[in-house]
Amino acid sequence: MRFDWAGLQTAIRDQVVGFVRRMCAEHPDEHIYGAAVHEFYAESGGTIAWTLVGVASEERLAAAAPDALDAQALRWSPADWPWQLDPGAAEEEWASRLETAATAGDGRHWDTVHERYLRTAAKACTAARKQLVADGIVGRDFVVVAMDEAWELIPLSLTRAQVRKHFPELDAEQREADRLAALPPEQQVAELVAIVESHSSPLPSEQAMQWLRALGGLSVPAALARLDSSPDKWLWAKLLADIGIASAEVSDALERTMANKHLDEPDRSWAAAALSRLGRMDLVVKRLDSIPPGVAVQGFAAPYTSFRDHGTHGPLDYAPLESALAVCPDHHPAVSEQLAPGRGLCSIGPDEAGTALAALASALPVVRRHALLVLSDTPLNAEQRRHYTARLKHLRQDDPDPLVREAAATLGG
């Protein structure tokens, strides 16, 4: 469906402009230095809530945080600012229309719509500042910033000079990213690995890992080398899983790490989890006699947890887990605990719904419950929704396993 993005941008801009005008009129003796659009709440595939608008002044900041370090922390913490504007009826109507657009077509375009909404909000902040300065309401040092939790919208709503002045850490991070981007890919890998292990770069280690993941196969040799020599082997096992290249060399290295009795169990568990993520749960099963039960359980559960949601992964497939638990049924309770509600299960896409719906009839309670839970957050078409609702009712009333019945009862339907 078509959506009025220009109208949405205007609505956000006008809300910010109106609130800043009012605060300036009500507090004429205070120097209001900034406004922020913040609290970007959304639930993937569903709710998209309207944001709050916060406004702050130098005087209120000084009163709230007389210590310089505290003031620095509060300066760009809009949730702690003194003046907040909640959405009104008009804004709630816009949010409803936006959510309808995002969830249309079984929600297949939700991510695209949500991303455009975030960028529209950032553009609205730029437009709001421009209008406020042009109208003489605020000085040129005033900024309007879109502040999401990860601070990814800040550079989209401010100029580079404004970022450098108000968010110097983001500016330093961008300069380092620009420097690395100019290097040949092989040199990027070497420097990114050093950043991950040094923790002394303006570029956060997590961002360096994301970059290594994006470089894909070029990062594999370095990850294998670090898996062999790094004290933090789990980190490189995770990266290999996220890259998703299940070569014989990668599988052999992860199997050696998993089976190494001289390593701590967490490193061995991450190696087992990586193997399973790469479609080699059979290697975990093969080593059952030489690995601790906890390592095996982590390996069995990994492809069905939120760990799967990072980087590359294959389609949802319960067959490896069913085969593994057929060999060692005693591990079923521990795997079930790992895949319990609230433990961080994987998210599945509409193209995987058929697999999960079929799994509602699995012989294994852990599989039935997992499928039940992940389907509850998955966009379904009308036929799939009917199937899910019918199975939900059956599992709630007649499933022989109490944990499955309990999970079905919490989902209603």
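Contact here means that heavy atoms lie within 4.5 Å of each other, and the model shown in these views is a predicted one.

**View 1. Ser219 sits in the loop between helices α10 and α11.** Leaving aside residues up to four places away in sequence, Ser219 touches Val189, Leu212 and Ile243. Ser219 has a relative accessible area of 1%, and because a residue under 20% counts as buried, Ser219 is buried.

**View 2. Helices α12 and α14 meet along their sides with axes that come within 8 Å.** Two packed helices are described by the angle between their axes and the distance between those axes. Here α12 (residues 233-243) and α14 (residues 265-277) cross at roughly 5°, and they are therefore roughly parallel to each other. From α12 the contact involves Lys233, Trp234, Ala237, Lys238, Ala241 and Asp242, which meet Asp267, Trp270, Ala271, Ala274 and Arg277 of α14. The residues of this contact divide into six nonpolar and five charged, with no polar ones.

**View 3. Four strands form an open sheet with the order β3-β2-β1-β4.** The pairing within this sheet is mixed. Strands β3 (83-85) and β4 (143-147) stand at the edges and each has a single partner strand, so one side of each is left without a neighbour in the sheet. From one strand to the next, the twist averages 20°.

**View 4. Strands β1 and β4 pair in the parallel sense.** Five bridges join β4 to β1, the strand made of residues 32-38. Within this pair, Val37 has Ala146 of β4 as its bridge partner, and Ala36 stands opposite Val145. Strand β4 is mostly covered, since five of its five residues are buried. In a regular strand the side chains alternate between the two faces of the sheet. In β4, Val143, Val145 and Met147 point one way, whereas Val144 and Ala146 point the other way, and all of them are buried. Helix α5 (residues 110-134) lies across β1 and β4, and runs at about 170° to β4.

**View 5. Helix α1 carries a series of buried residues.** The 22 residues of α1 (residues 5-26) should span 32 Å at 1.5 Å a residue, and the C-alpha atoms at its ends are 32 Å apart, which agrees with that expectation. Among the buried residues of α1 are Trp5, Leu8, Ala11, Ile12, Gln15, Val16, Phe19, Val20 and Met23. An α-helix has 3.6 residues a turn, so residues three or four places apart point the same way. What covers the buried residues of α1 includes the strands β1, β2 (52-57), β3 and β4, together with the helices α4 (89-103) and α5.

**View 6. The whole protein chain contains 22 helices and four strands.** Taken along the principal axes, the C-alpha atoms of the chain fill a box of roughly 75 × 55 × 40 Å. Of the 413 residues in the chain, buried residues make up 48%. Among contacts between residues at least 6 apart in sequence, 66% join residues at least 24 apart.

Key:
Residues are numbered from 1 along each chain as its sequence is written. This is a predicted model: local features need pLDDT of at least 70, side-chain atom pairs count only at pLDDT 80 or more; totals for chains, interfaces and linings use all residues. Side-chain values use heavy atoms; hydrogens and water are left out. Axes are lines fitted to C-alpha atoms, for helices over the stretch in contact, and angles run from 0 to 180 degrees between N-to-C directions. Helices (H or I, at least four residues) and strands (E, at least two) are DSSP runs, numbered from the N terminus. Angles under 35 degrees count as roughly parallel, over 145 as roughly antiparallel, 65 to 115 as roughly perpendicular and the rest as oblique. Ala, Val, Leu, Ile, Met, Phe, Trp, Tyr, Cys and Pro count as nonpolar, Asp, Glu, Lys and Arg as charged, and the others, Gly among them, as polar. Two strands pair if DSSP finds at least two bridges between them. The expected span of a helix is 1.5 Å times one less than its number of residues. Buried means under 20% relative accessible area, exposed over 50%, partly exposed in between (1.4 Å probe, protein chains only).
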